[in-house]
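Visitor: Hi, I have just opened this one and would like a walk through it. Could you show it to me before we start?

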Amino acid sequence: MTAAIDAVDVGRRYGDFWALRGCTLDLPAGSVTAIVGPNGAGKTTLLNLLVGLLPVSRGRLTVADRQPSGAPDFLSRIGFVAQDCPLYKEFSVSDLLKFGRRLNPRWDDALARDRLGAADVPLDRKAGRLSGGQRAQVALALAVAKRPDLLVLDEPLASLDPLARRTFLQGLIGVAADTGMTVVLSSHLIEQLARVCDHLVVISDGQLRLAGELDQVLQEHRWVTGPPDQASRLPSGVEVISFAEHQRHSRLLVRSTEPLLNPALDIAAVTLDDVVLGYLESSKAAADLRVALVGGVR
């Protein structure tokens with residue numbers, strides 16, 4: 001399958017600080033990928049690298065068969081919606097469509113108008129007088145009307161109420177299905193992303209913690225509960241992501257491609273929330289341990 005995004009050991013540095021490092025990622029064309037992680041994890045840095053707003057400091061990055069840059073031939077193939085969905089407030093929606101049509105060689109005016117009509121956005125209203133949900137729909141319509149190879153959305157749901165989020169995600173599902181374009185979006189709303197995404201990327205402390213096809217990620221992870229002596233005897237191929245020990249039993253989040261057949265252990269399925277929080281909590285525990293060791297605490 002053709003890769004829409006191919007990153008090998010990609011990093012971005014500001015002085016001595018690495019906002020992102022060691023990122024190796026391969027996302028297929030036509031995929032819809034959720035990038036999740038806490039604030040300051042490196043999500044926005046990665047998105048800015050993908051759309052050419054920032055250069056890589058190390059590694060190799062290819063997006064839509066090109067190295068990201070500010071060149072017109074690259075930007076014409078990228079659709080980008082920033083977190084605050086910036087629009088010219090004094091422009092009407094119709095003016096914004098005209099503006100987009102004149103600037104983009106592959107502009108699809110019918111697609112934009114269909115998306116706005118489905119979202120009940122009035123074309124004669126100025127952008128500054130639209131609701132947050134309507135502004136998000138306009139920003140999405142302008143981005144997809146470019147007919148980009150890659151559509152990137154940075155926290156598009158952050159400022160929307162629950163109903164507007166649902167409407168926006170329904171529109172995004174329609175766009176992905178109708179156009180087949182590759183979509184990458186970041187968000188803190190983990191379970192809602194499961195409705196629209198088929199790939200998952202987890203970032204924490206500027207490093208990639210997990211990347212893969214969503215169904216496969218859920219299949220490979222599971223909860224394991226049982227007596228501590230049994231829980232500590234897992235096969236060598238099982239990776240322990242997080243661990244909690246209670247008086248009479250241990251509970252582990254593990255990753256394994258093989259079934260766990262120990263009858264003394266209870267095996268349970270995981271949710272997307274379980275997986276993401278397990279990786280984020282494990283990286284936080286590791287960071288806390290590093291701080292303690294540096295501080296002389298044993």
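Guide: What follows is a conversation about pockets, salt bridges, a helix and some backbone angles in this predicted model.

Visitor: Let's start with open spaces, then. What volume does the largest pocket have?

Guide: The largest pocket has a volume of about 810 Å³. It is lined by 26 residues, and those closest to its centre are Phe 80, Asn 104, Leu 142, Ala 143 and Lys 146.

Visitor: Which helices and strands supply at least two residues of that lining?

Guide: Four elements each do so, namely helix 2 (72-75), strand 5 (78-81), helix 3 (93-103) and helix 5 (132-144).

Visitor: And what is the lining like by class?

Guide: Sorted by class, the lining of the largest pocket has 20 nonpolar residues, together with five polar and one charged.

Visitor: Changing topic, how many salt bridges does a search of the whole structure find?

Guide: Such a search finds twelve salt bridges. One of them joins Asp 149 to Arg 106, with the closest N and O atoms 3.8 Å apart. This pair links distant parts of the chain, 43 residues apart, since Asp 149 sits in the loop between helix 5 and strand 6 (150-154), while Arg 106 sits in the loop between helix 3 and helix 4 (109-118).

Visitor: Which residues are linked with them in a network?

Guide: Arg 77, Arg 106 and Asp 149 are linked in a network of salt bridges.

Visitor: What does Asp 109 pair with?

Guide: Asp 109 forms a salt bridge with Arg 113, and their closest N and O atoms are 2.7 Å apart. The two are four residues apart in helix 4, so about one helical turn separates them. Residues three or four places apart in an α-helix point the same way, because the helix has 3.6 residues a turn. Arg 113 itself is partly exposed, with a relative accessible area of 34%.

Visitor: Let's look at Ser 92, where is it?

Guide: Ser 92 has its place in the loop between strand 5 and helix 3. Its relative accessibility is 11%, which is under the 20% limit, so Ser 92 counts as buried.

Visitor: What does its side chain lie by?

Guide: A polar atom of the Ser 92 side chain lies 3.0 Å from the backbone nitrogen of Asp 95. Leaving aside neighbours within four places in sequence, Ser 92 is in contact with Leu 123, Asp 124, Arg 125, Lys 126 and Ala 127.

Visitor: Why is helix 1 described as largely enclosed?

Guide: Helix 1 (residues 43-50) has eight residues and seven of them are buried, so it is largely enclosed by the rest of the structure. The buried ones include Lys 43, Thr 45 and Asn 48. After helix 1 comes Gly 52, whose phi is positive, near 85°.

Visitor: Which residues have a positive phi although they are not glycine?

Guide: Ala 64, with a phi of about 55°, is one of them, and Asp 65, with a phi of about 70°, is another. Most residues other than glycine have a negative phi. Ala 64 lies in the loop between strand 4 (58-63) and helix 2, and Asp 65 lies in the loop between strand 4 and helix 2 too.

Visitor: Buried or exposed, those two?

Guide: Ala 64 counts as buried at 9% relative accessibility, whereas Asp 65 counts as exposed at 60%.

Note on methods: Residues are numbered from 1 along each chain as its sequence is written. This is a predicted model: local features need pLDDT of at least 70, side-chain atom pairs count only at pLDDT 80 or more; totals for chains, interfaces and linings use all residues. Side-chain values use heavy atoms; hydrogens and water are left out. On a 1 Å grid over the protein atoms alone, a cavity is a set of points where a 1.4 Å probe fits but cannot get out, and a pocket is an open set with protein on both sides within 12 Å along at least five of seven lines; lining residues have an atom within 4 Å of a point. Grid points are joined across faces, edges and corners, and a volume is the space filled by probe spheres set on the points. Ala, Val, Leu, Ile, Met, Phe, Trp, Tyr, Cys and Pro count as nonpolar, Asp, Glu, Lys and Arg as charged, and the others, Gly among them, as polar. Buried means under 20% relative accessible area, exposed over 50%, partly exposed in between (1.4 Å probe, protein chains only). A polar contact is a pair of N or O atoms within 3.5 Å; within protein, one must be able to donate a hydrogen and the other to accept it, and residues adjacent in sequence count only if both atoms are side-chain atoms. Contact means heavy atoms within 4.5 Å. A salt bridge is a side-chain nitrogen of Lys or Arg within 4 Å of a carboxyl oxygen of Asp or Glu.
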